[in-house]
Amino acid sequence: MDLAEKLEILADSAKYDVACTSSGVERPGRAGRLGSCRAPGICHSFTPDGRCVSLLKVLLSNVCSYDCSYCVNRRSNDRPRASFTPRELAELTIGFYRRNYIEGLFLSSAVAGSPDATMERMIEALRILRQEYRFNGYIHAKTIPGADPLLVEQLGLLADRLSVNIELPSEASLVRLAPDKGRAAILRPMGQIARRSAHSRQELTVYRHAKAFAPAGQSTQMIIGATPESDRQILRLTEGGSMAPVQCLSCDATPCERRSECRTIAMWNELSRQINDYLDNITIADLMRKSDQQCPVEESAQDSHPSPAKNADMSINS
Ligand code: SF4
């Protein structure tokens with residue numbers, strides 16, 4: 001298979017990932033018109049300073065050992081398969097960059113063999129780009145769930161932004177739709193990246209030449225609507241799963257030995273109850289509603305001394 005065929009397959013396989021601003025439009029070219037929204041391959045993203053950059057969006061491989069029901073690249077799906085070698089991918093990126101087609105790379109991959117083996121090949125591609133070609137452009141890389149933390153560290157030292165797809169709102173949904181992925185394998189790298197990025201920012205304030213780790217931060221995606229979770233569960237997840245005002249009330253906290261004599265626990269419990277009651281009345285549809293430009297939080301602030309009638313209007317439907 002030649003490089004152009006691989007590119008066609010692997011750019012097409014990457015187009016379903018709607019992480020970029022130019023994804024999600026299906027408008028083919030027409031006679032007498034200029035341009036097409038159908039061809040995959042180039043997407044756009046925003047750098048930390050607000051610039052919009054065009055990226056080569058491609059998979060390193062679409063040969064997958066996993067079988068996530070929502071994914072076109074799942075192993076049970078009959079479709080053309082291809083893989084780049086790390087050097088092929090690096091040279092393709094440099095070739096496009098030199099022709100001014102792109103300003104950076106958005107690299108992801110199916111799980112080709114094992115998570116570690118896949119990540120090692122992604123790291124090698126980025127190493128060739130950064131160290132052999134001295135490529136200084138923007139790189140966004142997706143980590144592979146279940147990969148060793150040392151590999152996540154190496155990837156973060158080569159890429160500007162990392163992402164880990166949270167995939168689905170609960171463990172039960174993961175078991176149902178993505179049985180090869182575990183919640184811990186997704187959440188662990190997210191935590192690692194957050195801690196390591198914070199440490200890197202701190203280091204850079206002290207040592208100007210310290211190596212930056214994923215300086216543009218991390219992002220994630222979640223599939224909504226395929227599983228029965230409520231909006232409330234999803235909204236909670238966006239805040240890390242717990243809305244507890246103090247650590248000792250969060251679900252995974254170890255029981256506090258001084259709880260029985262704590263003077264403040266009743267107050268925190270009541271605050272927690274009020275936060276949960278408030279969130280129970282907000283749906284994602286409310287947050288997305290365009291007709292009313294006011295966000296529920298602002299509404300709530302204005303309603304801090306509400307009239308009884310207005311307070312009753314606060315019930316929000318999905
Ligand atoms: S691991 Fe990734 S590429 Fe493979 S089936 Fe799941 S979502 Fe698709």
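1. Start with the handedness: H4 passes H6 in a right-handed crossing. A crossing is right-handed if the near helix is turned clockwise from the far one by less than a right angle, and left-handed if anticlockwise. Helices here are DSSP runs of H or I, at least four residues, numbered from the N terminus.

2. A quick word on the source: this is a predicted model, where local features need pLDDT of at least 70, side-chain atom pairs count only at pLDDT 80 or more, and totals for chains, interfaces and linings use all residues. Residue numbers run from 1 along each chain as its sequence is written.

3. Back to that pair. H4 and H6 (residues 183-206) pack at about 45°, with axes 11 Å apart; axes are lines fitted to C-alpha atoms, for helices over the stretch in contact, and angles run from 0 to 180 degrees between N-to-C directions. That makes H4 oblique to H6 (under 35 degrees is roughly parallel, over 145 roughly antiparallel, 65 to 115 roughly perpendicular, the rest oblique).

4. Who touches whom? In H4, Pro149, Val152, Glu153 and Gly156 meet Pro189, Gln192, Ile193 and Arg196 in H6 (contact: C-beta atoms, placed from the backbone, within 7 Å).

5. Now look at H3 (residues 115-132) and H4 (residues 149-158): their axes come within 10 Å and cross at roughly 25°. That makes H3 roughly parallel to H4, and the crossing of H3 and H4 is left-handed.

6. Which H4 residues do Asp116, Met119, Glu120, Met122, Ile123, Leu126, Arg127 and Arg130 in H3 meet? They meet Leu151, Gln154, Leu155 and Leu158.

Terms used
Helix = DSSP H or I, 4+ residues; strand = E, 2+ residues; numbered from the N terminus. Contact = placed C-beta atoms within 7 Å.
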